[in-house]
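Subject: Structure handover

Hello,

Here is the structure for you to open in your viewer. My notes on what was found follow below it.

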Amino acid sequence: MIDLHCHSLFSDGCLVPAELIQRAEVLGYEAMAITDHADQSNAAFILDSLLPAVKALNKEHKTQTLVGVELTHLPPKQIAGMARQARKQGAQLVVVHGQSLVEPVAPGTNFAAIDAGVDILAHPGLLTLEEAQLAAKKGVFLEISARAGHSLANGLVAKLARQSGARLVLNTDAHAPGDLITQAQAIRIAQGAGLSSEEIETMFANSRKLYQKASRKR
């Protein structure tokens, strides 16, 4: 299991990074990313705190962890600049909190995130075909979400990815211990989104490729 969207108590998760990583390792995680909710007010604090801590934890764990941010509820015009800033501050992954069906995310967020070339557009909700096509062009990964509520549009996201050639990843958006999942659970979630066995294998390979690319930014 490679899960590139998790939260610690450095935003609204409930676990310190050490416990989050330990619990993921017990479930068989190969790799994960801690991508706490961020805007201009806290991105530097999150990254300055997590990067050295996670580097030390990676020396002791089989589960290897990346540090990034999930840019959350930013005005769309600020997303590109904030993504550049987060990368300069050391973020190995930049995720954007997409237009989930269950939160009042600003209209235009999906397009702005994709146009900015972020790594992952999380739980994009009622994504359009044009946005999916732009994601394919820009190399932005679209998320199939294991999180309740955010997962409501998984079927649409899978369909549009198939039509556009955009690449998918499956993440938990974990905030608590019970949100972490096994590889078998991930497969069932993907099947529920309407993905074929071949598409699921490709999606998991996408996660591995993105992890490997991001891990070189240490």
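Two residues are in contact when heavy atoms lie within 4.5 Å. Helices (H or I, at least four residues) and strands (E, at least two) are DSSP runs, numbered from the N terminus. Buried means under 20% relative accessible area, exposed means over 50%, and partly exposed is in between (1.4 Å probe, protein chains only).

Please note that this is a predicted model: local features need pLDDT of at least 70, side-chain atom pairs count only at pLDDT 80 or more, and totals for chains, interfaces and linings use all residues. Residues are numbered from 1 along each chain as its sequence is written, and side-chain values use heavy atoms, with hydrogens and water left out.

Overall picture

The chain holds 8 helices and 7 strands. Its C-alpha atoms fill a box of roughly 40 × 40 × 30 Å along the principal axes. The radius of gyration, taken over C-alpha atoms, is 16 Å. A compact globule of 218 residues would have a value near 17 Å, so the chain agrees with that. The globule rule is 2.2 Å times the number of residues to the power 0.38.

Buried residues make up 52% of the 218 residues. Take the contacts between residues at least 6 apart in sequence: 71% of them join residues at least 24 apart. The chain exposes about 9,300 Å², and carbon and sulfur atoms supply 53% of that. This area comes from the Shrake-Rupley method with a 1.4 Å probe; for residues, only the protein chains shown count as cover.

Helix α1

Start with α1, residues 17-26. Its buried residues are P17, L20, I21 and A24. Seen down the axis of α1, they fall within an arc of 95°, so they line one face of the helix. The arc is that of the directions from the helix axis to the C-beta atoms. What do the buried residues of α1 pack against? Their partners are β1 (2-6), β2 (31-38), α2 (43-58) and β3 (64-71). G28 follows α1 and has a positive phi, near 95°.

L4 lies in strand β1. It is buried, with a relative accessible area of 0%. Leaving out residues up to four places away in sequence, L4 touches M32, A33, T35, L66, L93, V95, I120, N171, S207, L210 and Y211. L4 and Y211 are 207 residues apart in sequence, yet their C-alpha atoms are 7.6 Å apart.

L134 sits in helix α5. L134 is buried too, with a relative accessible area of 16%. With residues up to four places away in sequence again left out, L134 touches F111, I114 and D115. The C-alpha atoms of L134 and G117 are separated by 9.6 Å, and the two residues are 17 apart along the chain.

H123 is not a glycine, but its phi is positive, near 25°. H123 lies in the loop between β5 (120-122) and α5 (129-138). Is H123 buried or exposed? At 1% relative accessibility, H123 counts as buried.

D173 is not a glycine either, and its phi is positive at about 55°. D173 is found in the loop between β7 (168-171) and α7 (183-192). At 2% relative accessibility, D173 counts as buried.

Best wishes
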